[in-house]
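Let's take a walk through a protein model together.

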Amino acid sequence: MLRQNLRYKILALLLAISLWLYVAITQQQAVETQAFTVPVELRNVGQKHVASVEPQRVRLFLRGRPGALESPAPAPAAYINLRNADPGQRTVEVSYIAPTETRLVRIEPPKVTVTVKLVTSRTMNIEARLVGAAPPGYLLGEPRITPTTVTVSGVRDAIARVSHVVVKVDANSARPDAPQTNPLRAVDENDDVVEGVELSRSEARVVIPVERTLSYETVPIVVRLQGNPAPGRRIAGVSVRPPVVTIAGDAERLRQVSYIRTAPLDIEGIDGDISRTARLTRPDGITTVSDSEVEVEIDVEPRE
């Protein structure tokens, strides 16, 4: 009985081994095709060249076992070797790197257009552009820029569009002891920034000489009274020492000022002569050269 079953058991074992070998061999021999979209790398671009490619990405169709395609090593890549390439435009075939245990079926597209341009440079003067107006009473001199020049680098057509290299300066913040350090910009004739160029430095230091341009004028002082004296009393006279004050400011602003007033003096309920100190008020843009306070005498007499 045991010997009769042994023959069947051996046969079953052989069938299982055969089935396992069949599956293993089938898996090893199974292949499929998969597409990988990769960027086109530009390699060995010369130091004095810039290059661009169109289209920038291609599709690599690789064939291999599923395991090799799921975790490809090395990663699939497409590139163009530009060693010793001359300036100009040309159509070239795409080189590739395929992962281990795979092979390339095709590349879409197989060729790309590469443009190589020569990088040139040009030294230009830096110009200061004033933004805003100078503070009232100040005159701005010629800006002093450090450094005075900058090197502009880029392809020939981009360099040709650069008409000025400018640094903007806030005129209202100009002070002789406060230099401004601001960014540089390469601009065209319309003052628009030119793309595709590089500057040898990004900032410049600017000092603007400032000269104070104040005018002076002497005007009378007007006393401001607030309130009323005691019943049966009236103001007989008001005198101020000094009667005039010297003021300073922009000439045009001074022409608009004919007198300077004091701060209000409270005379509510007074019934006799008083002497007070009053502070002078100053209109916007005007400063007082002499004292900012005056002595005021007020004479009070019975009302008839």
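This report covers the sheets, some backbone details, the salt bridges and a surface patch.

This is a predicted model, in which local features need pLDDT of at least 70 and side-chain atom pairs count only at pLDDT 80 or more, while totals for chains, interfaces and linings use all residues. Residues are numbered from 1 along each chain as its sequence is written, and side-chain values use heavy atoms, with hydrogens and water left out.

## Two open sheets

Start with the strands. Helices (DSSP runs of H or I, at least four residues) and strands (runs of E, at least two) are numbered from the N terminus. Strands of a sheet pair through backbone hydrogen bonds, either parallel or antiparallel. Here, two strands count as paired if DSSP finds at least two bridges between them.

Leucine 42 has isoleucine 80 in β4 as its bridge partner.

Another open sheet has 4 strands in the order β21-β17-β20-β24, also with mixed pairing. β21 (260–261) and β24 (286–288) each have a single partner strand, so one side of each is left without a neighbour in the sheet. β17 (residues 215–222) pairs with β21 in the parallel sense over 2 bridges. The bridge partner of valine 222 in β21 is arginine 261.

## Backbone details in the loops

Most residues other than glycine have a negative phi, and most peptide bonds are trans. With that in mind, look at these places.

A cis peptide bond joins alanine 73 and proline 74, with omega about -5°. Proline 74 sits in the loop between α2 (66–70) and β4. Arginine 241 and proline 242 are also joined by a cis peptide bond, with omega about -5°, and proline 242 lies in the loop between β19 (233–241) and β20 (244–249).

Asparagine 84 has a positive phi, near 65°, and is located in the loop between β4 and β5 (88–93). Is asparagine 84 buried or exposed? Asparagine 84 counts as exposed because its relative accessibility is 71%; buried means under 20% relative accessible area, exposed over 50%, and partly exposed in between (1.4 Å probe, protein chains only). Aspartate 191 has a positive phi too, near 70°, in the loop between β13 (180–187) and β14 (197–199). With a relative accessible area of 30%, aspartate 191 is partly exposed.

## Salt bridges

How many salt bridges does a search of the whole structure find? The search finds 8. A salt bridge is a side-chain nitrogen of Lys or Arg within 4 Å of a carboxyl oxygen of Asp or Glu. The table lists some of these pairs.

| Salt bridge | N to O distance |
|---|---|
| Aspartate 157 and lysine 117 | 3.6 Å |
| Arginine 234 and glutamate 301 | 2.1 Å |
| Arginine 241 and glutamate 297 | 2.9 Å |

Aspartate 157 in helix α3 (residues 156–161) and lysine 117 in strand β8 (residues 111–131) are 40 residues apart. Arginine 234 in β19 and glutamate 301 in β25 (residues 293–302) are 67 residues apart. Arginine 241 in β19 and glutamate 297 in β25 are 56 residues apart.

Arg129, Arg185 and Asp191 are linked in a network of salt bridges. Arginine 185 is in strand β13 and is partly exposed, at 24% relative accessible area. Leaving aside neighbours within four places in sequence, arginine 185 has contacts (heavy atoms within 4.5 Å) that include Val166, Asp191 and Leu199. Arginine 185 and valine 166 are 19 residues apart in sequence, with their C-alpha atoms 5.4 Å apart in space.

Leu13, Leu14 and Ile17 make a nonpolar surface patch of about 280 Å². Patches are made of residues with over 30% relative accessible area and no salt bridge, where like charges are joined within 9 Å and nonpolar side chains (Val, Leu, Ile, Met, Phe, Trp, Tyr) within 5 Å. Accessible areas come from the Shrake-Rupley method with a 1.4 Å probe, and for residues only the protein chains shown count as cover. Leucine 14 belongs to helix α1 (residues 2–29) and is partly exposed, at 49% relative accessibility.
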